[in-house]
Amino acid sequence: MRSMSIRMTGCTRAPGTRGSRHVFFGVGPQKALCTSAAGTVVDGKLEGGKGAQGAGVRKRGVDGQVRSFEEIPHTGRNGWVNLVKFWREDYFSQLHKHMERTFNRLGPIYREHVGAQRSVNIMLPMDIAELFRSEGLHPQRMTLQPWATHRETRQHSKGVFLKNGEEWRADRLLLNKEVMMSAAVKRFLPLLDEVSRDFCQMLQARVEREGRGKRGKRSLTIDPSPDLFRFALEASCHVLYGERIGLFSSSPSLESQKFIWAVEQMLATTPPLLYLPHRLLLRIGAPLWTQHATAWDHIFSHAETRIQRVYSRLSSSQGRGPEAGAAGGQFTGVLGQLMEKGQLSLDLIKANITELMAGGVDTTAVPLQFTLFELGRNPEVQEKVRQQVIPSGNYSAADASQRYCSSELPHTCWDHGPSLSLSSGKEHGRV
């Protein structure tokens with residue numbers, strides 16, 4: 001049994017949402033992890049951390065039989081024939097619908113060979129959890145090869161998204177201190193709160209300006225995807241770079257517009273390049289690869305500009321003496337923290353900051369859209385959430401500043417389709 005990486009791709013989405021926003025994970029090398037409608041099966045022992053042996057076996061199922069890897073149902077063995085079908089059916093822009101149909105037809109785990117990409121797609125949370133538990137200290141992520149090829153051809157360093165093994169773990173442990181630890185979260189939570197408040201105010205103003213009904217009780221139906229994309233990008237950049245890029249402005253700067261274009265272009269061109277021989281596309285100068293590489297070039301240029309600004313700020317504060325500190329003790333963003341501590345080279349800082357920004361947009365915007373969908377069709381839960389986040393007299397001003405501004409967010413409800421209804425009044429809409 002040859003080693004292979006496992007790709008897990010979530011397929012659930014709010015009804016009718018556009019595009020194919022998906023997240024890739026990976027684990028390997030391993031003998032096999034197989035699940036069918038009859039239960040989870042393992043062919044051989046998983047290589048990995050503590051408890052890996054037998055970690056892939058689900059205790060309940062139809063018959064609980066152990067099956068071979070080859071028994072995993074698949075969509076067809078000829079990858080190039082499958083690729084032609086992908087193009088003909090436009091699955092790249094509707095990948096979530098293709099996956100939903102395939103899961104319904106083949107069960108909660110299936111194999112797929114499309115072009116140059118082989119994958120095993122897993123749907124059930126219990127199976128994904130078992131897979132994660134078997135990874136050990138050095139999980140083997142599926143390499144996003146188009147991203148990796150861009151770094152190699154442009155001679156850029158790779159960040160945590162594109163690393164594995166000890167190299168990945170070393171970078172991840174350093175980044176955890178600035179991104180994941182509770183102390184780090186407390187430092188950048190005010191930045192998120194600032195962006196959230198501006199986002200809510202923008203939505204409120206839009207409801208009052210474009211909505212129907214009496215003033216103060218107007219409602220508006222929108223597709224939230226573009227706005228949530230901008231919110232995620234604005235929030236990510238504020239936390240990472242320590243400065244706003246102005247995406248909520250009615251007339252964003254040319255620099256901001258180019259940056260939005262670059263991120264959207266990079267995300268849009270990544271899925272098809274996963275399945276195509278990108279090295280060949282690079283060699284022949286195919287438009288798809290050129291668009292992808294050009295988008296990444298602009299994203300890296302944007303990061304380089306931010307690094308120079310942070311470097312100037314740090315140099316200026318150090319020139320004023322130790323009493324000045326970093327912006328008078330104010331949090332200057334993850335980028336500033338990493339540069340000030342100097343535990344990573346500038347090249348590695350740029351690589352990791354850029355990948356954190358690129359990887360944080362869809363993974364923020366899509367779950368937010370799921371959350372709004374669920375809150376919209378469960379108004380009683382929505383009201384409980386609102387009451388929990390509205391500051392009360394039992395909290396100090398400092399505590400209140402660390403509670404999100406959902407009290408300012410219009411009530412939401414989902415129409416029949418991809419649209420979100422916002423209401424500026426106190427009455428809930430209904431699905």
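Helix α13 (residues 362-377) has 16 residues and runs 23 Å from its first C-alpha to its last, close to the 22 Å expected at 1.5 Å a residue. That expected span is 1.5 Å times one less than the number of residues, and helices here are DSSP runs of H or I with at least four residues, numbered from the N terminus. This is a predicted model, in which local features need pLDDT of at least 70 and side-chain atom pairs count only at pLDDT 80 or more, while totals for chains, interfaces and linings use all residues. Residues are numbered from 1 along each chain as its sequence is written, and side-chain values use heavy atoms, with hydrogens and water left out.

Back in α13, the buried residues include Asp 362, Ala 365, Val 366, Gln 369, Leu 372, Phe 373, Leu 375 and Gly 376. Buried stands for under 20% relative accessible area, exposed for over 50%, and partly exposed for anything in between (1.4 Å probe, protein chains only). As for the spacing, an α-helix has 3.6 residues a turn, so residues three or four places apart point the same way.

Next comes the nonpolar packing. A nonpolar core is taken as a set of buried Ala, Val, Leu, Ile, Met, Phe, Trp, Tyr and Cys residues joined through side-chain atoms within 4.5 Å. The largest one holds 75 residues, and Leu 233, Val 263 and Met 357 touch the most other members. Leaving aside residues up to four places away in sequence, Leu 233 touches Ile 245, Leu 247, Phe 259, Ile 260, Val 263, Met 357 and Val 361, a contact being heavy atoms within 4.5 Å.

Charged pairs are next, with 24 salt bridges in the structure. The rule asks for a side-chain nitrogen of Lys or Arg within 4 Å of a carboxyl oxygen of Asp or Glu. One of them joins Arg 151 and Glu 355, whose closest N and O atoms sit 3.6 Å apart. Arg 151 belongs to helix α4 (residues 145-154) and Glu 355 to helix α12 (residues 346-360), so the pair ties together parts that are 204 residues apart in sequence. Both Arg 151 and Glu 355 are buried. Arg 88 pairs with Glu 89, with the closest N and O atoms 3.8 Å apart; here Arg 88 is exposed at 58% and Glu 89 partly exposed at 41%. Glu 167 bridges to Lys 163, the closest N and O atoms being 3.9 Å apart. In this pair, Glu 167 is partly exposed at 48%, whereas Lys 163 is buried at 5%. Shared partners also join Glu 243, Glu 255, Arg 306, Arg 309 and Arg 313 into one salt-bridge network.

Finally, the aromatic rings. Rings of Phe, Tyr and Trp (its six-membered ring) pair if their centres lie within 6.5 Å, with planes under 30 degrees apart called stacked, over 60 edge-to-face and the rest tilted. By this rule there are 11 aromatic pairs. The ring centres of Phe 92 and Tyr 275 are 5.5 Å apart and the planes lie at 40°, so this pair is tilted. Phe 92 sits in the loop between α1 (79-89) and α2 (95-106) and Tyr 275 in helix α8 (residues 254-275), so the pair ties together parts 183 residues apart in sequence. Phe 92 is buried at 12%, and Tyr 275 is buried at 2%. Phe 86, Trp 87, Tyr 91, Phe 92 and Tyr 275 form one aromatic cluster.

Key. Helix = DSSP H or I, 4+ residues; strand = E, 2+ residues; numbered from the N terminus.
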